[in-house]
Amino acid sequence: STLADRLTRGLDSVSDTVSSVFREPVLRLGVTGLSRAGKTVFITSLVANLMDRGRMPGLLAAADGRITAAFLQPQPNDTLPRFDYETHLGALTAEYPHWPESTRAISELRLSLRVRPSGLLGGLQGPRTVHIDIVDYPGEWLLDLGLLGKSFAEWSQDTLTRIESRPEAAEYLELMRAQDASAPLDEPAAQALAQRYTDYLAQARAAGLSDCTPGRFLLPGDLAGSPVLTFAPLPPLSKPARKSLWREFERRFEAYKSRVVKPFFRDHFARIDRQVVLVDVLGAVHSGPQAVEDMRLAMRDILSAFRPGTNAFLSRIFRGRRVEKILFAATKADHLHHTQHAQLTALTEALLRDARDRAAFAGAETSALALASIRATTEETRTHERETLNCVRGTLLTQDGQRGKQAAFYPGALPDDPGKILNPARDGANQWLEADYEVMNFAPSLSTLKPGEGPPHIRLDRAAQFLFGDQL
Ligand code: GDP
């Protein structure tokens, strides 16, 4: 290694020592949610609002003016990609603002805040530095936890039962049935099966279904094309021969669990202190009862990862520590007029309660709210055939991602009782948010942001207060 290399490494270890001497607190904040739930936009807007000391009145330390500086530092984890904050903010604040690229894999960003102590000590002590290590990772990866307790035969059985009657899976099932799984492995045939199965997962996601394992098939990161991702469920087989397709898929499934799933949980997940789980509740409601039911089950599975007591592997890696706070947040609330926000919050709370009733979170504090990380709309009340409608107005994105015309929409109304959405069987399968919701694909509009303003949002500051306000 070069001298410069060694010097920087020397400096690193000095600064490590210095920070451990002064015990600057480090809080690891996990941000997760299924793909397109809004993780990238959430982190970008949160950091931008804190760096600019923008619109954060709900974050008490910010409201009190005690945050004297906010800056980004090299993250402590040398082997994780850095969350590409500058590029994402650049997309949102460009002359023609557009949404940034979504989360594809795990990444990390260290945001450091200089904070003046509150209360009596405030005058006596100097400011402290609090580091917030934001860890962004796909919620799909959490769903893989359920695989750890299953053999390949069990996982195959469960999966095939579930997808049997799904139209999205027809092509995969046809290909699978044409295979002789007891014949020796043929790599091109294995790849074709894995590819068809991945296509099924992608279509199921597009249809709003959430129970899509293995999670890495959809978001492979740098594992794309590797053998650990080249398998698929197969029907049971008695005494499959060594080197048969079945045995090889079984081996790869086991490798997926031990080489992909376990390291993620051990090295990253088990070190998280606070967690926000973002959910596109409105998107699921719009897609219909099947998507809502699916989201409910996926959230239950995701949240069960926060209950280490019930899973031997998790209890081992958590070694008695736990995630202290979990926020469950419905995103994109700017699609609804604020008169509907209470209903959206109630629905989100009901979803959380449903998962919590089954899984007491071992003392973790939980909360639910509805937010918009970036507010892309304004509100407007219109009269239509003597009826007043509470609308939202924004700039539409065209099919090819260009900025289209401005328009006001009425997305429909959510029921006061969330049970009507969560138990469609009890209340008759109703379609909610059917009106204009489909076309409400708004562009962000931040190009006129002034320094010190921070991107407009809804309740992002309340989310921040719950997640780390107590540490500031
Ligand atoms: P990720 O896959 O979880 O990282 O999701 P993103 O953060 O990339 O968000 C996915 C898409 O949802 C974005 O491209 C936006 O179209 C939309 N979106 C996310 N957050 C908001 C929000 O606060 N308001 C609005 N109107 N749209 C949002």
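Modeller: Within the chain, confidence is lowest in helix H1 (residues 3–22), with a mean of 50, and highest in helix H18 (residues 460–468), with a mean of 97; the scale is pLDDT, the predictor's confidence in each residue, from 0 to 100. This is a predicted model, in which local features need pLDDT of at least 70 and side-chain atom pairs count only at pLDDT 80 or more, while totals for chains, interfaces and linings use all residues. Residues are numbered from 1 along each chain as its sequence is written, and side-chain values use heavy atoms, with hydrogens and water left out.

The chain has an average pLDDT of 86, and 91% of the residues score at least 70. Over residues 9–21, however, pLDDT stays under 50, and the model has 2 contacts beyond four places in sequence for that stretch, a contact being heavy atoms within 4.5 Å. Where pLDDT is low, the predicted coordinates should not be read in detail.

Strands here are DSSP runs of E with at least two residues, and helices are runs of H or I with at least four, both numbered from the N terminus; two strands pair if DSSP finds at least two bridges between them.

E1 runs parallel to strand E4 (residues 128–136), to which 6 bridges join it, and Val26 has His131 of E4 as its bridge partner. With strand E5 (residues 274–279), E1 pairs in the parallel sense over 5 bridges, and there Thr32 stands opposite Val277. Elsewhere in the sheet, strand E6 (residues 325–330) is joined to E7 by 6 bridges, the two running parallel, and Phe328 stands opposite Ala368 in E7.

For the surroundings, the domain assignment, which comes from an automatic or database source, gives domain 1 (21–137 + 268–374 + 454–471), domain 2 (145–262) and domain 3 (378–439). The C-alpha centres of domain 2 and domain 3 are 38 Å apart.

A second open sheet is formed by 3 strands in the order E8-E9-E10, paired antiparallel. Its edge strands are strand E8 (378–384) and strand E10 (403–409), each pairing on one side only, and its neighbouring strands are turned by 30 degrees against each other on average, direction ignored. E8 is joined to E9 by 7 bridges, and strand E9 (residues 387–397) to E10 by 5. Val392 of E9 stands opposite Glu379 and also has Phe409 in E10 as a bridge partner. The hairpin of E8 and E9 has 2 residues between the strands, and in it Glu385 takes a positive phi near 45 degrees.

Helix H9 (residues 187–206) has 20 residues that at 1.5 Å a residue should span 28 Å, and its end C-alpha atoms are 28 Å apart, which agrees; the expected span is 1.5 Å times one less than the number of residues. Its buried residues include Ala189, Leu193, Tyr197 and Leu201, and what covers the buried residues of H9 includes helix H7 (152–163) and helix H11 (245–267). Gly208, which follows H9, has a positive phi near 95 degrees. Ser244, in the loop between H10 and H11, is buried with a relative accessible area of 1%; leaving aside neighbours within four places in sequence, Ser244 is in contact with Ala181, Ser182, Ala183, Pro184 and Leu185.

Methods: Axes fitted to C-alpha atoms, helices over the stretch in contact; angles between N-to-C directions. Buried < 20%, exposed > 50% of the residue type's maximum accessible area, 1.4 Å probe, protein only.
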